[in-house]
Amino acid sequence: MDSFKMFTKLPQKIPDPFNLLGDQPKLAFRSQPGGIAKLATTRNISEKDAYWEQYVVLFDSASDVFTLITHNDVRRALYEAPENVATLIRVITSRLFNLVSDHTFPTPPTSSVSSLASSIIRTGTGASGERNTTKEVLNCIRVLQRVLPAVFEIESEPSRFEQEVLWKRVEVRPQDTAGHGQGSAGGGGAAGGTVEQTSAEPQFVIEDEDESDEDEDGEGGSRARAPKSPPRQPTSPKAQEAQKPKETMPSIAERLFSCLIDLMFCCGFTLPTKIQVDHYKINYVIWEKGVGSTTDPGPSQQYESNKTEVLRLLLVLLSRQIYVPPATLFTSPSSYTLHFVQNLPRRDVLTVLCSLMNTAVNATHPGSANVMGTVAGRLPYNHLLMKGEDPRTSLVSMCFQVLCVLLDFQSGTARDVVVEGQTSGPTAKTNAFRYFIAKLHRPADFEFLLNGIVTIFEDEMSSLNGLLPGSRKPVPYMVEAIIFLWKMLELNKKFRAFVLESDKAMDITAYLLCYGLEIKDKPEQHGMCRVLSYMIQGLSAERAFGMKLSAPLKAHLPQKWTNVGNAGDFIVQTIYSMVATTSGSLNSLYPALVIALSNSAPYFKNLSVTSSARLLQLFNAFANPSFLLSDEGHPRLLFFVLEAFNGVLLHSLQDNPNLVYAILHAHKQFEDLGTFTLARGLREIRRIQQLKEERAAQAQGRGSVDKGKRRARDEEEGAPGDEKARLLQREAESLDLSRSADTLPDAPGRHTDVDTQTRPLMSPTATETNISADGGPAISEKARGKMRAAGRSLSGDMTGSLERLAASGVGRNGFVPTQEWVSSWQQGLPLDVIMLVISELLPKVQNLQSSLSGASASNAIIDLLRSANLDQVLPKPPPLSPRRFMWSDASIVWLTSLIWGEIYVRGMTPLGIWNNTAVRLFYVKHAQAQQRQITETVTNVVGGLLGRTESSQSLGRRQ
């Protein structure tokens with residue numbers, strides 16, 4: 001009987017760590033009236049009530065908190081007992097502030113087996129044992145992570161509840177301020193000399209007058225830099241003097257930010273204890289070696305999960321942005337992000353910024369993982385056997401996400417200001433994180449950042465190009481790494497110059513384009529494809545980029561792209577693949593990609609036969625009437641391709657005989673384009689449609705009659721010659737690109753979005769087009785006589801059937817092309833240089849073809865084109881004026897929604913940080929649940945014997 005009683009107590013004394021037997025206290029919290037239900041059912045629970053204690057001591061992990069407290073629980077309490085949620089936030093934050101300043105925090109880690117067993121037994125029996133302040137701090141952080149998103153989603157701008165609880169300042173008497181303020185930051189400022197020594201190293205140079213203005217303001221600047229304790233922002237020094245009797249304490253939100261920064265640099269919690277100075281546990285030391293620090297504080301694998309928890313709460317605070325509609329993103333900025341980027345002391349900004357950057361860029365550093373992780377990481381398919389992410393990967397992802405959010409923020413007063421009436425840029429007063437990123441200047445720091453980013457890209461490429469499909473896990477933070485690189489290139493001109501002058505400039509370009517080809521068929525990644533296209537456009541506008549296009553590629557690329565030629569060949573062929581294989585689904589990307597070709601064209605040298613053919617295929621696709629007349633914006637793509645041809649012919653004609661030969665071979669298309677009219681375009685469209693109908697009829701044995709009728713109609717309408725028909729037929733049958741042009745998307749929503757966002761960003765206006773075409777240098781009378789006659793047309797007559805076709809069967813989304821519209825862009829097409837080259841070289845090439853045959857003719861033609869000198873015929877090359885990517889309000893909102901969309905999706909598993917909350921910045925779309933990943937991998941290996949399913953989650957963002 002005694003033995004039976006002993007066994008009945010075993011489940012309580014020795015709890016199951018795998019939750020097989022359940023956990024009674026946690027189950028009671030979820031199910032009993034005294035648990036989470038009391039938050040909404042009992043009004044006005046006192047701050048001193050013992051009920052709040054369980055929120056601090058009950059949970060053992062983040063998953064416990066996110067499982068036992070749901071957003072619906074918090075949402076219900078906000079509606080039925082909002083004062084309890086306010087009390088919960090006050091109690092948890094007050095407990096957190098007190099714990100951080102408590103001498104017992106952090107609790108020393110216990111690694112022995114006996115101590116682990118005793119802790120398990122204490123948990124199961126409910127015995128208090130020794131107090132674990134580290135666990136209590138983590139639970140406070142986790143509860144805030146769970147509660148705040150539900151508070152942020154309240155419909156108001158900003159919500160009264162939020163202002164009253166988190167941002168309200170309490171007036172205190174002057175004699176109480178000092179003592180109260182010391183504990184508010186949880187021991188802030190304890191590092192003393194260590195912090196000043198770290199931040200005083202000459203890592204950053206302030207080259208403008210921001211700081212000098214601060215120093216001169218108020219007789220010396222001592223007043224401006226006096227507050228070393230938590231910032232007490234908005235009032236000016238004079239106002240503070242006038243209101244001294246009514247001093248206020250920092251709000252809960254301000255104190256929470258200060259506390260989180262202290263926790264990021266707390267010895268024994270996020271930093272090794274060996275660097276603690278005396279009893280000062282807060283030490284503002286950069287987390288890892290790299291930018292701003294030449295020494296490593298020591299191994300900190302055991303603290304990585306704590307760093308992730310702190311950064312997750314910081315990210316939740318910054319996520320207030322996602323609950324604001326895009327239209328009000330600039331007028332209703334997040335108070336939390338605004339405070340963090342504008343009101344932190346310089347020391348805190350630099351230490352946080354360098355810690356995040358170094359940890360993120362050191363992602364794959366050999367010393368950043370433990371031995372087991374390093375060995376397991378080399379095993380194929382190891383990611384299918386190990387559940388979840390390792391702590392290091394989670395930390396790196398979180399660092400990248402916080403970096404992207406901080407470097408992207410430009411709402412409200414954080415918007416960049418115009419400097420010297422030219423370009424806009426950040427200042428220390430608008431966004432300190434953007435400002436100090438722009439002030440990085442040391443080559444060693446640039447080398448460190450570049451090598452780290454390239455290593456991340458190489459890891460992603462190796463996961464795509466392995467011998468065993470799916471054997472290596474893709475880099476989970478690849479999107480964030482690309483956006484961080486974009487922000488670095490955009491904000492820091494010296495870093496951009498360093499990258500483009502390095503031997504890795506083309507490697508980075510190749511990795512970006514290959515990654516774009518990999519994700520182009522995934523609708524949820526189309527926003528990322530757009531980022532890549534804008535990055536390539538921005539890089540192509542730099543002269544240093546063009547100077548490297550003739551060099552061979554050294555990057556490790558997929559087998560398909562290893563032998564394409566030089567860097568220029570690679571760019572041409574990958575951009576062609578991006579356009580030709582997406583069937584119009586990425587048509588919003590086409591302008592940026594084609595502009596990149598136009599920007600790079602003056603630097604192309606020795607383009608291969610394949611690359612030359614790809615450029616002509618792009619031209620044929622964009623000049624196809626069915627594509628050209630289907631949308632008001634499509635002629636600009638043709639304009640950019642012609643600009644690319646002009647760039648090659650004016651700057652490096654003799655270095656690109658293959659492209660010149662391809663242009664001469666397609667001379668009929670260029671000549672027809674010079675006399676293009678709406679009537680001719682519609683006839684071509686109808687002819688192609690009839691050819692398709694004829695082939696379909698022939699397949700059914702009824703082709704002969706329809707064929708005769710078609711020929712009769714063609715003769716009556718005075719159609720162009722048979723050669724043109726054969727060219728169009730061959731084009732329609734053989735070019736995948738032309739078929740994709742005929743099947744461009746016609747979704748009204750997508751078209752509207754492209755029309756409103758893409759065109760202002762990267763398309764020239766009609767005025768710019770005409771200036772580019774007509775504003776070139778003067779040319780000789782002989783050359784002018786050989787140019788096309790602008791505006792001359794074969795026939796402007798429109799039959800009734802053609803008018804009906806124009807009104808119903810050509811334009812998309814209600815667009816109806818007219819002859820006036822065609823004339824407006826056709827007369828501005830930059831065809832003159834191309835027609836001059838054709839008129840000069842085509843007769844010579846035809847003579848060689850008639851006198852020689854076979855390979856000898858081809859070699860002779862190439863030699864002729866290689867030695868051709870048309871300097872006396874062609875106009876002088878105008879100064880290069882590449883089209884750069886220009887930011888606008890629409891593009892800033894789009895990128896912000898893209899960044900937060902990626903963060904939202906990443907946060908869906910395993911915790912679901914923002915799941916089921918009323919996000920307003922972007923639209924969330926849930927797709928079919930995903931099958932076990934091992935099935936897809938086996939499918940790839942065995943050749944498709946098993947079925948596949950679609951991805952589990954996709955985000956409907958504004959592409």
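This is a predicted model: local features need pLDDT of at least 70, side-chain atom pairs count only at pLDDT 80 or more; totals for chains, interfaces and linings use all residues.
Me: How many helices and strands does the protein have?
Reply: There are 49 helices and 4 strands, where helices (H or I, at least four residues) and strands (E, at least two) are DSSP runs numbered from the N terminus.

Me: Why is Thr 509 called buried?
Reply: Buried means under 20% relative accessible area, with exposed over 50% and partly exposed in between (1.4 Å probe, protein chains only). Thr 509 has 2% relative accessibility and therefore counts as buried; this residue lies in helix H27 (residues 505-519). By the same cut-off, Glu 684 in helix H37 (residues 678-699) is buried because its relative accessibility is 3%.

Me: What is Thr 509 in contact with, leaving aside its neighbours within four places in sequence?
Reply: Contact means heavy atoms within 4.5 Å, and on that basis Thr 509 is in contact with Ile 536, Leu 539, Phe 545 and Ile 571. Ile 536 is 27 residues away from Thr 509 in sequence, while their C-alpha atoms are 7.1 Å apart.

Me: What makes the link between Glu 684 and Arg 687 a polar contact?
Reply: A polar contact is a pair of N or O atoms within 3.5 Å; within protein, one must be able to donate a hydrogen and the other to accept it, and residues adjacent in sequence count only if both atoms are side-chain atoms. The side chains of Glu 684 and Arg 687 make such a contact at 3.1 Å.

Me: Why is the pair of Phe 622 and Phe 627 called tilted?
Reply: Rings of Phe, Tyr and Trp (its six-membered ring) pair if their centres lie within 6.5 Å, and planes under 30 degrees apart count as stacked, over 60 as edge-to-face and the rest as tilted. The structure holds 33 aromatic pairs, and one of them, Phe 152 with Tyr 323, is tilted at 6.5 Å centre to centre and 55 degrees between the planes. For Phe 622 and Phe 627 the centres are 5.5 Å apart and the planes stand at 35 degrees, so this pair is tilted; both residues are buried.

Me: How do you know that the charged end of Arg 347 sits over the ring of Tyr 284?
Reply: A charge sits over a ring if NZ of Lys or CZ of Arg is within 6 Å of the ring centre and within 35 degrees of the ring normal. The charged end of Arg 347 sits over the Tyr 284 ring, 4.0 Å from its centre, and that of Arg 415 sits over the ring of Phe 330, 4.8 Å from its centre.

Me: How do you know that the span of helix H34 is close to the expected one?
Reply: The expected span of a helix is 1.5 Å times one less than its number of residues. Helix H34 (residues 635-651) has 17 residues and reaches 24 Å from its first C-alpha to its last, close to the 24 Å expected. H34 is also mostly covered, with 16 of its 17 residues buried.

Methods: Residues are numbered from 1 along each chain as its sequence is written. Side-chain values use heavy atoms; hydrogens and water are left out.
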